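Take a walk through this model, one part at a time. Begin with the terms, then follow the chain.

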Amino acid sequence: MSQDLYDTIIIGGGPAGAAAAVYAARKRLKALLITEGFGGQSSVSACIENWIGEPAITGMALAAKLKKHVEAQKDLEIKSPEKAIAVTEKPGCIFEVKTDKNGLYRAKSVIVASGGRRKRLNLPGEKEFAGKGVAFCSTCDAPFFLDKDVAVVGSGNSALETVIDLETYARKIFLLIHHEEPKGDPVILERAEKSKKLEIIRDAEIKEIIGDKGVTGLRYEDGATGKVKELAVQGVFVAIGSAPNSDLVKNIVDTNQGGEILVDHLTAKTSRRGLFAAGDVTNDPFKQNNISAGDGVRAALGAYHHILNIQRHSPCFD
Ligand SMILES: Cc1cc2nc3c(=O)[nH]c(=O)nc-3n(C[C@H](O)[C@H](O)[C@H](O)COP(=O)(O)OP(=O)(O)OC[C@H]3O[C@@H](n4cnc5c(N)ncnc54)[C@H](O)[C@@H]3O)c2cc1C
């Protein structure tokens with residue numbers, strides 16, 4: 001176990017964690033950042049057009065900028081790549097963070113900014129054909145589907161962006177949606193619907209992805225008739241949104257049914273005193289880079305005031 005007692009440990013190097021780290025360092029908190037990597041989910045994006053101050057930037061470039069800004073903080077300690085696997089509270093207002101590299105770090109507060117990951121369908125064939133026709137990131141994998149017929153499963157922004165990414169490569173794009181209409185932002189929907197390759201299959205419930213050496217199709221139930229139909233495709237993109245990376249604290253903070261950490265949106269406080277959360281891992285309904293960065297700032301300032309408070313009033317740190 002490290003002998004150091006940090007004021008705060010920040011978990012995550014996406015926009016939320018990076019912003020929290022910069023602010024914590026500038027408040028002269030003794031801070032440790034633990035992250036598997038920098039940049040977060042949009043690192044794979046070919047073009048981000050709404051990061052304020054940058055009319056257009058690639059995900060990789062944004063990731064590099066976040067890393068550079070974090071590394072410029074003189075007294076900030078960084079453990080990367082390293083994964084936090086559990087956070088526990090010990091007597092005396094101390095949190096312990098355990099990592100996959102046998103690290104055990106102690107702090108007076110923790111900021112969880114571990115973001116989200118893509119959801120899975122958890123249906124037969126999905127795991128078996130992952131990387132053999134089943135894909136989760138169109139920015140990364142769309143070029144592999146040149147002149148192929150591809151199904152996109154999902155109805156929100158990530159599914160629509162997948163359609164847009166595939167437009168350049170695929171021969172035909174089937175968008176299978178559970179509802180009657182896609183639910184994305186109007187701008188993205190408009191762009192996707194312009195595709196001449198797109199065919200929307202509504203009220204479709206996916207049952208199975210099928211194939212031999214690679215994907216050859218999928219089976220879905222047509223809600224209108226109740227019949228199971230087969231669609232011949234060589235690729236299936238699963239784009240049904242993301243799930244929060246909150247497992248490491250799920251036993252010590254309140255979460256909603258989706259596993260998102262419940263926070264007070266004014267203070268970034270969770271149900272556990274001294275534990276703050278920021279960005280996509282929380283129940284903030286808007287999952288965006290700028291919002292996550294703002295959340296990270298709020299959490300760092302929340303942690304700062306928490307430290308001041310316990311130093312003044314608590315028997316823990318006299
Ligand atoms: C393909 C794609 C494109 C997008 N494009 C845009 C866009 O154009 N504009 C926009 O505003 N938003 C976009 N988003 C959404 C945006 O990426 C997220 O809202 C944002 O990244 C959330 O930031 P975050 O810091 O909360 O979490 P994340 O970005 O998820 O970052 C989490 C960080 O925590 C680390 N981590 C996770 N678990 C652990 C652990 N246990 N221990 C240590 N480290 C851990 C990860 O490595 C990562 O660094 C996009 C998302 C995707 C998937």
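A residue is buried if 20 or more other C-beta atoms lie within 10 Å of its own, exposed if 12 or fewer, and partly exposed in between, with C-beta atoms placed from the backbone. Helices (H or I, at least four residues) and strands (E, at least two) are DSSP runs, numbered from the N terminus. This is a predicted model: local features need pLDDT of at least 70, side-chain atom pairs count only at pLDDT 80 or more, and totals for chains, interfaces and linings use all residues. Residues are numbered from 1 along each chain as its sequence is written.

Start with strand E9, residues 149-153. Of its 5 residues, 4 are buried, so the rest of the structure largely encloses E9. Two strands pair if DSSP finds at least two bridges between them. E9 pairs with strand E10 (residues 172-176) in the parallel sense, over 5 bridges. Here Val153 stands opposite Leu176 in E10. E9 also runs parallel to strand E15 (residues 235-238), joined by 4 bridges. There Val152 stands opposite Phe237 in E15.

E9, H4 and E10 make a right-handed β-α-β unit. Right-handed means that, with the strands pointing away from the viewer, the path from the first strand over the helix to the second runs clockwise.

Now turn to the ligand. The shell around the ligand holds 34 residues, and the closest are Gly12, Gly14, Gly40, Gly115 and Gly279. A residue counts as near if its C-beta atom, placed from the backbone, lies within 6 Å of the molecule. Helix H1 (15-26) and helix H6 (289-313) are the elements that give two or more residues to this shell.

H1 deserves a look of its own. 11 of its 12 residues are buried, so H1 is largely enclosed by the rest of the structure. Pro15, Ala16 and Tyr23 are among the buried ones. Their cover includes strand E1 (5-11), strand E2 (31-34), helix H2 (59-71), strand E6 (104-112) and H6. After H1 comes Arg28, with a positive phi near 60°.

Finish at Gly217, in strand E13 (residues 215-222). Gly217 counts as partly exposed because it has 19 C-beta neighbours inside 10 Å. Leaving out residues up to four places away in sequence, Gly217 touches Ile210, Glu230, Leu231, Ala232 and Val233. Such contact requires C-beta atoms, placed from the backbone, within 7 Å. Lys207 is 10 residues from Gly217 along the chain, and their C-alpha atoms are separated by 11 Å.

How values were computed
Contact = placed C-beta atoms within 7 Å.
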